[in-house]
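What follows is a short walk through one structure. Please keep the sequence and the 3D view at hand while reading.

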Amino acid sequence: MRHIAIVGSGPAGYYTAEAALKQWKDDVRVDIFDSSPVPFGLIRTGVAPDHQSIKSVARRYETTALSDNVHFVGNVMVGRDISIDELRDLYDAVVLATGAPNDRKLGLPGEDLPNVFGSAAFVGWYNGHPQFAEIHPDFSHDTAVIVGNGNVALDVARILAKSGEEFEGSDIVAHALSALEGAHIRRIVILGRRGPHQVTMTPKELGELARLARACPRVDPADLPPLAQDAALDAGMRKTMGHLRSFAMAGGSANDNADEGADEGATIVCPDRDIAIEFDFFAAPRAILGTDRVEGVEVERTRLVDGKAVGTGETYHIPAGIVIACIGYQTSRIPDVPYDEQGGRFANVEGRIKPGLYCVGWARRGPTGTIGTNRPDGFAIVERIDADLGPAGGTGKPGRPGFEALAETRGIDFVKFTEWQKIDEAEVANARHGAPREKFVEVDRMIAKAHPSVQDS
Ligand code: NAP
C-alpha cells in the first residue's frame, strides 16, 4: 500500500490524486490537505466569477474526491499545524500542490499606498477569499490603472467594467457586487511595458472585452506592428492580434480636452459607451503617486530592444484612484522546504525537492499555463513517485491513521469532504436569484457549517 499526501486541493492537487488512482488503483490511499476548510483552490478563489464554465471542472475533481481511497483534509495548515517532516514520516510521498497565492511586487515607490492592490488580493476580494474580504477597494475616482498584459489583467478589467446585470449567473460575492455597482470608474488603463506582440492574453478572454454592455476596448493604431509581421506568430497569438487590431479599428476619437501635460498619449474616448478600456502599450510604471492614497501613476514610454522593454526617458502621469498590479504570483514558503527565490516557487528538479517530497503545478513551474496544463503535470509527478518507490510500492509508513492519531493529540479540527458538502449546500441555499452560490467569506462561518455540533457545544 502506498500512502500519498497532497498539500493543496486546487487543480494541481486533484489532477495528481486522479493520476495516483489511475496508476495504483486500490493500492493507494491519498490524503489531500488544504489550509482552507473548502476545496478547489484557484477554481474557487482565482477563476473569474463570471467564468462559470471554467469553474465547472470542479465536478471532475469531485469524482476523484468521492473515491473511497481519497480523503480531503481541510482546515490544516502544513508548516503550522503539522510540519513537512512530520508529513514525510507519515506518508510515502508528500506532493506540494500549493499554487502561487502571493502577489509579486512591482518594487516601485508608492506601491504601499492605500488603494494599490496586487491581483491576488483584488481577485481574492471579488471571489470571496477570506484573507482579502476586508480590503475595501475604493472606486470613487473615475480612472483605474491595471499593470500587466496577461489574462489576469483582462479578468480584472472586465470585472471593473461590467454592470450589475452582467454579473447575472456569476458567483461574485455580495460585498464585491455591491461595491462595483456603486463604482464611478469610467476609464480603465491597461499598462503593458512591452508591445502587442508580447502580450500573454489569450484570444477568447480578449474577445470578451468587445462584448461588454457599457465599455469598449481601445488600442492606439500607432502601437500596432505592421500586419505582415503577424504571419510569424502562432495561431493563438494571430487571433489575439486580430482582436487588438479590431479594437484599434473600432476607433474612438482623440480627446482634445485632456489636461495639457497630464497624459501625453491621445486619450481615447468611447463615443457610445460609458467606460473606456484603453490599452497603453510600451508603457512601464515607474512610481505610484500620491500622499495619503494613490492619486496616479508615473509612466515611462519604452521601446523594445532584443525583446526587452527599455525606457526612452519620456515620462507622463496618469491620474488614477485605484491601481491593480497583475504581474504574476509567488508560491508561499513552507519551513524546511528549499525555495527558488528567483522563480518564486519551490526549488526542484522535475518536481523532486528531496527524498519523499515533490511539487507540482504552479508550486513547481511558476504561475504559467491554463488549468488543464496541471493535468499532465500531475500524471508526470505520479510516474516519478512510482519510479522512486520502486516495485515494492509503500515503505510501511502509517498514512491516514497516523495523521488522525496526531490530529487527535494536537487538537487539529480538520474538515472532511462530506463536511465541505454541508458548507456547499448552505452556500447554494444562500445564493441570490440566478447565482450558483453565495460564498461564505469568513472561515468561522464555514467551520460552523462543517462542524455544527462543535460550534454549539
Ligand atoms: P502573465 O500572463 O505572466 O502576465 C503577467 C504580465 O505582467 C506580463 O504582461 C508581464 O510583462 C507583466 N509584468 C511583470 N512584471 C512587471 C513589472 N514589474 N512591470 C510591468 N509589467 C510587469 O500572468 P497572469 O496574467 O498573472 O496570469 C497567470 C497565469 O494564469 C497565466 O498562465 C494565465 O494565462 C492564467 N490565467 C488564465 C485565465 C483564463 O484562461 N481565463 C485567466 C486568468 C489567468 P512581460 O511580459 O513584459 O514580463
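A residue is called buried under 20% relative accessible area, exposed over 50%, and partly exposed in between, with a 1.4 Å probe and protein chains only. Asp-306, at 79% relative accessibility, is therefore exposed. The model is predicted, so local features need pLDDT of at least 70 and side-chain atom pairs count only at pLDDT 80 or more, while totals for chains, interfaces and linings use all residues. Residues are numbered from 1 along each chain as its sequence is written, and side-chain values use heavy atoms, with hydrogens and water left out.

Asp-306 sits in the loop between β14 (294-305) and β15 (308-319). Such element names refer to DSSP runs numbered from the N terminus: helices are H or I with at least four residues, strands are E with at least two. Most residues other than glycine have a negative phi. Asp-306 has a positive phi, near 50°. Phe-40 also has a positive value, near 90°. Phe-40 belongs to the loop between β2 (28-33) and α2 (42-45), and its relative accessible area of 6% means that Phe-40 is buried.

Next comes the ligand. The shell around the ligand has 20 residues, of which Asn-149, Arg-193, Arg-194, Thr-200 and Gly-369 come nearest; a residue is near a molecule if one of its heavy atoms lies within 4 Å of it. Helix α7 (residues 151-161) gives the largest share of this shell, 3 residues. By class, the shell has 8 nonpolar, 8 polar and 4 charged residues. Here Ala, Val, Leu, Ile, Met, Phe, Trp, Tyr, Cys and Pro count as nonpolar, Asp, Glu, Lys and Arg as charged, and the others, Gly among them, as polar.

Polar contacts are pairs of N or O atoms within 3.5 Å; within protein, one must be able to donate a hydrogen and the other to accept it, and residues adjacent in sequence count only if both atoms are side-chain atoms. A side-chain N or O atom of Arg-193 is 2.8 Å from an oxygen atom of the ligand. For a polar side-chain atom of Asn-151 the distance to a ligand oxygen is 3.1 Å, and for a polar backbone atom of Cys-326 it is 3.5 Å. On its own the ligand has 930 Å² of accessible area, and the protein covers 80% of that; these areas come from the Shrake-Rupley method with a 1.4 Å probe, and for residues only the protein chains shown count as cover.

Cys-326 has a relative accessible area of 8% and is therefore buried. Cys-359 is buried as well, at 0%. How many disulfides does the structure hold? There are 0, a disulfide being a pair of cysteine sulfur atoms within 2.5 Å.

Two loop residues remain. Lys-439 lies in the loop between α14 (417-429) and α15 (443-450) and counts as buried because its relative accessible area is 5%. Its side chain reaches the backbone oxygen of Arg-44 at 2.8 Å, and a polar atom of that side chain lies 2.8 Å from the backbone oxygen of Asn-127. Asn-75 is in the loop between β3 (70-73) and α5 (84-90). At 18% relative accessible area, Asn-75 is buried. A polar atom of the Asn-75 side chain lies 3.1 Å from the backbone oxygen of Asp-413.
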